[in-house]
Amino acid sequence: MTNQQQNKKFRLSEISSLLYDSESLSFGKYMLSSGVQSPYYLDLGVLYSKPESFKKITFELTELINHKTSDEHIVGIPLRGLVYAISTSYSLKRKFLLFRKNIKKHGTKNMIEGKWKEGDEAVLIDDVASSGSSLLDIALQAQKIGLKISKAFVVVDRCQGAKEKLSENKIELISCIDIYMISQSLYELGKISKVEYDQIVSYSKSKK
């Protein structure tokens with residue numbers, strides 16, 4: 001294993017442990033908004049009240065964005081994606097755009113808050129990707145009013161079809177880590193059992 005591979009494995013283990021130890025990742029039986037039952041639940045909103053952990057996660061996200069794109073604008077996905085988008089945009093000194101789910105009925109009646117012009121390039125930011133519906137919906141609406149969207153970044157990809165759905169619309173989904181990497185790291189670290197590991201892998205494959 002090369003030094004680069006070792007460093008990557010260490011970072012993945014560190015991120016996985018941080019999510020698990022902060023209780024951002026929990027195991028059990030959880031009903032998702034889609035109506036599907038999941039053997040695990042990701043709640044990255046927990047990190048808002050854990051400054052050091054939040055700082056480490058946003059650092060990873062910032063580094064990933066900086067390495068993968070130089071697009072001028074960063075658009076956050078309401079609601080949890082906004083916090084990560086604001087943090088990374090200011091760290092990278094790139095323009096943050098606030099996308100509204102509903103157009104304002106007063107004033108300028110803007111859909112997007114911030115300064116931009118037609119043809120500007122932007123990336124989307126969210127905390128977790130599942131089916132990809134929320135990301136795709138905002139990407140299409142942003143494109144309709146003139147923004148160019150070719151990449152979306154998330155902290156965790158649940159590997160439930162988001163990458164494929166976005167790819168069909170010529171948008172690349174890029175994550176700091178995915179659920180397979182997390183479960184593998186936690187199992188190797190002895191933080192989860194073989195039964196829990198198998199449940200996650202089996203569930204994730206069945207939802208692709």
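A: Start with a term: rings of Phe, Tyr and Trp (its six-membered ring) pair if their centres lie within 6.5 Å; planes under 30 degrees apart count as stacked, over 60 as edge-to-face and the rest as tilted. This is a predicted model, where local features need pLDDT of at least 70, side-chain atom pairs count only at pLDDT 80 or more, and totals for chains, interfaces and linings use all residues. Residues are numbered from 1 along each chain as its sequence is written, and side-chain values use heavy atoms, with hydrogens and water left out.

Q: How many aromatic pairs are in the whole structure?
A: A search finds 7. One of them joins Tyr20 and Phe27, with 6.2 Å centre to centre and 45° between the planes, which makes the pair tilted.

Q: Where do Tyr40 and Tyr203 lie?
A: Tyr40 lies in strand 2 (residues 37–42) and Tyr203 in helix 7 (residues 194–206), so the pair ties together parts that are 163 residues apart in sequence. Helices (H or I, at least four residues) and strands (E, at least two) are DSSP runs, numbered from the N terminus.

Q: Is Tyr40 buried or exposed?
A: Buried, with a relative accessible area of 0%. Tyr203 is buried too, at 7%. Buried means under 20% relative accessible area, exposed over 50%, partly exposed in between (1.4 Å probe, protein chains only).

Q: New topic. Where is Asp178?
A: Asp178 sits in strand 8 (residues 172–178).

Q: Which side chain of opposite charge is nearest to Asp178?
A: Lys163, 7.1 Å away. Asp178 is buried yet has no salt bridge. That term needs a side-chain nitrogen of Lys or Arg within 4 Å of a carboxyl oxygen of Asp or Glu. For charge, Lys and Arg count as positive and Asp and Glu as negative; His and the chain ends are not counted.

Q: What is Asp178 in contact with?
A: Leaving aside neighbours within four places in sequence, Asp178 is in contact with Asp157 and Cys159. Contact means heavy atoms within 4.5 Å.

Q: Last one, the backbone. Which residues does a cis peptide bond join?
A: Pro78 and Leu79, with omega about 10°. Leu79 lies in the loop between strand 3 (73–76) and helix 3 (80–92).

Q: And what is phi of Lys93?
A: Near 55°, a positive value in a residue other than glycine. Lys93 is exposed, with a relative accessible area of 76%.
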